[in-house]
Amino acid sequence: MKNKFLELALKEAKLAYEKDEVPVGAVITHNGTVIAAAHNLRETTNSATAHAETLAIEKACRTLGTWKLTDCDLYVTLEPCIMCAGAIINARIRNLYFGAFDPKAGACGSVTDVFRLDELNHKVTVYAGIMEDECAEILRKFFQGKRRKYYI
């Protein structure tokens with residue numbers, strides 16, 4: 001099932017791919033309007049926290065002039081990690097839509113599920129596996145290329 005905002009996130013992932021970054025892209029909407037888009041920049045910035053989600057959250061906060069993104073939805077091509085899941089909760093994002101599952105670091109059900117912790121003060125509704133094949137394919141292609149470089 002296609003989703004126009006996840007398609008935009010996939011375009012961001014392609015920008016990351018072109019920069020030799022792990023191809024993950026994120027888009028944040030506020031009441032149905034895109035207010036932020038970002039892609040991974042860890043290698044470019046030498047920053048462990050420069051994930052697509054955190055960069056998009058920072059842009060959205062600047063755009064709205066608040067850290068509370070309560071009327072916002074996040075679309076990301078890969079299941080968020082624990083760090084990003086924490087940022088999503090802390091930013092009070094309403095809904096999370098993601099494409100591919102991450103069996104090594106996913107915090108929305110693959111490795112753990114941060115969003116199901118009853119003790120947290122904010123609940124995020126999670127929609128998983130949207131455009132999963134397209135989102136997983138760019139990651140497969142990226143890492144296959146990386147493995148070829150090491151084995152040639």
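Modeller: Let's start with a term: buried means under 20% relative accessible area, exposed means over 50%, and partly exposed lies in between (1.4 Å probe, protein chains only). This is a predicted model, where local features need pLDDT of at least 70 and side-chain atom pairs count only at pLDDT 80 or more, while totals for chains, interfaces and linings use all residues. Residues are numbered from 1 along each chain as its sequence is written, and side-chain values use heavy atoms, leaving out hydrogens and water.

Biologist: Thanks! How is a pair of aromatic rings described?

Modeller: By the distance of the centres and the angle of the planes. Rings of Phe, Tyr and Trp (its six-membered ring) pair if their centres lie within 6.5 Å; planes under 30 degrees apart are stacked, over 60 edge-to-face, and the rest tilted.

Biologist: How many aromatic pairs does a search of the whole structure find?

Modeller: The search finds 6. One of them is edge-to-face: Tyr17 and Phe142, 5.8 Å centre to centre with 65° between the planes. This pair links distant parts of the chain, 125 residues apart: Tyr17 is in helix H1 (residues 4-18) and Phe142 in helix H5 (residues 132-151). Helices here are DSSP runs (H or I, at least four residues), strands are too (E, at least two), and both are numbered from the N terminus.

Biologist: Is Phe142 buried or exposed?

Modeller: Phe142 is buried, because its relative accessibility is 6%. Tyr17, at 28%, is partly exposed.

Biologist: And what about Tyr75 and Tyr97?

Modeller: Those two are stacked, 4.5 Å centre to centre and 5° between the planes. Tyr75 sits in strand S3 (residues 72-78) and Tyr97 in strand S4 (residues 95-100). Tyr75 is buried at 6%, and Tyr97 is buried at 15%. Together with Phe5 and Tyr127, they form one aromatic cluster.
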